[in-house]
Amino acid sequence: MTYPGATRPSVDGVSLMVNAGELTVLLGPSGCGKSTLVRTVNRLVEPTAGTVLVDGTDVRTTDPIALRRGIGYVIQAIGLFGHMTIAQNIGIVPELVGWERTRIDARTDELLERVRLDPSRYRNRYPRELSGGEQQRVGVARALAVEPRVLLMDEPFGALDPVVRRSLQEEIRAIQRDLGTTIVFVTHDVDEALRLADRIVVMQAGRIVQAERPEQMLAHPATPYVAELLGTDDVGRRLALLRVRDLMSAPDAAAGPAELDAEATLRIALGTLLTSPGRVVVREGTRIVGAIDLAAVRAALAG
Ligand code: ADP
């Protein structure tokens, strides 16, 4: 994708398959092309080359307005309409697509509850009567109004303080789990990416450097750039995110008697490993799937 007058493409040679029902995070420093890439999905940006498919359909074959009704979009500048109540803001798209009044009202209340705003208190207020965090909750509710299968979120929580931001991250994770929405989430914040992502896509100067599950990426950064971006040398981060499964070796008859779950984080595993000389059995349910020892953890933490 090359913007008019630009000397080089802002997004270049990108091939990315986003899995349905997953939360994919586009991560990278400002200007690396994240917004440009995400906006090609709802045709706010028309690529100068290449194709974007949603559910197998080339987005160019769908009218942009109709396309955007079916794809939720949340950005940092929330863009609620100030002269409309919260309920009216959430009801915009349902109304456009011709839902009955009763259905819109029921859906509005359901969504307000979903984002933890009491409908009876909030539905008739105006955006200026809400805090930034509350407004962004309404932004999320509005984007979900007609149950989009795809939700694009471009630095949606960038302007919020850390506590509010954290709580909205948890909300989004819960919504995504419950509704199975496919979410593409743009951020330059590594901690946000690690907290939210099923898969992280690291971008650098318009290209994709690595696309991987967070723990895998943390354990095996493809390039020094990815390692630095993720702060893979941050021991606390590695302890919290790396799992026994990522570091275990093949089952070992000499291992035991101590046991660990394959899904345990290193932070949890460390207690067992520090007090168990030798190798520890790794289980997945009742199955023995591997073995691990302190040396493996030490090597992983050393990077
Ligand atoms: P990010 O979202 O990672 O911060 P962007 O996709 O916004 O990156 O920008 C990628 C590059 O494209 C930057 O060099 C930026 O200046 C350029 N760019 C973004 N939007 C436009 C535009 N509308 N016109 C011209 N250049 C743009």
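## Strands 7 and 8

Five bridges link strand 7 to strand 8 (residues 207–212), and the two run antiparallel. Strands here are DSSP E runs of at least two residues, and helices are H or I runs of at least four, numbered from the N terminus. Two strands pair if DSSP finds at least two bridges between them. Met-203 has Ile-208 as its bridge partner in strand 8. Two residues sit between the strands of this hairpin, where Ala-205 takes a positive phi near 45 degrees.

This is a predicted model: local features need pLDDT of at least 70, side-chain atom pairs count only at pLDDT 80 or more, and totals for chains, interfaces and linings use all residues. Residues are numbered from 1 along each chain as its sequence is written, and side-chain values use heavy atoms, with hydrogens and water left out.

## Strand 7 and strand 1

Strand 7 also pairs with strand 1 (residues 23–27), through four bridges and in parallel. Leu-27 has Val-202 as its bridge partner in strand 7. Five of the six residues of strand 7 (residues 199–204) are buried, so the strand is largely enclosed by the rest of the structure. Buried means under 20% relative accessible area, exposed over 50%, and partly exposed in between (1.4 Å probe, protein chains only).

## The ligand site

The ligand is surrounded by Tyr-3, Ser-10 and the residues Pro-29, Ser-30, Gly-31, Cys-32, Gly-33, Lys-34, Ser-35 and Thr-36. Each has a heavy atom within 4 Å of the ligand.

Ser-10 uses a polar side-chain atom, at 2.6 Å. Cys-32 uses a backbone N or O atom, at 3.1 Å. Gly-33 also uses a backbone N or O atom, at 3.0 Å. The protein covers 55% of the 560 Å² of accessible area that the ligand has on its own (Shrake-Rupley method, 1.4 Å probe).

## Two loops with positive phi

Arg-43 lies in the loop between helix 1 (34–39) and strand 2 (53–54). Arg-43 is not a glycine, yet its phi is positive, about 65 degrees. Arg-43 is buried, at 15% relative accessible area.

Asp-55 is in the loop between strand 2 and strand 3 (57–58). Its phi is near 55 degrees, again positive in a residue other than glycine. Asp-55 counts as exposed, at 58% relative accessibility.

## Asp-293

Asp-293 is in the loop between strand 11 (287–292) and helix 14 (294–302). A polar side-chain atom of Asp-293 lies 3.0 Å from the backbone nitrogen of Ala-296.

Conventions. A polar contact is a pair of N or O atoms within 3.5 Å; within protein, one must be able to donate a hydrogen and the other to accept it, and residues adjacent in sequence count only if both atoms are side-chain atoms.
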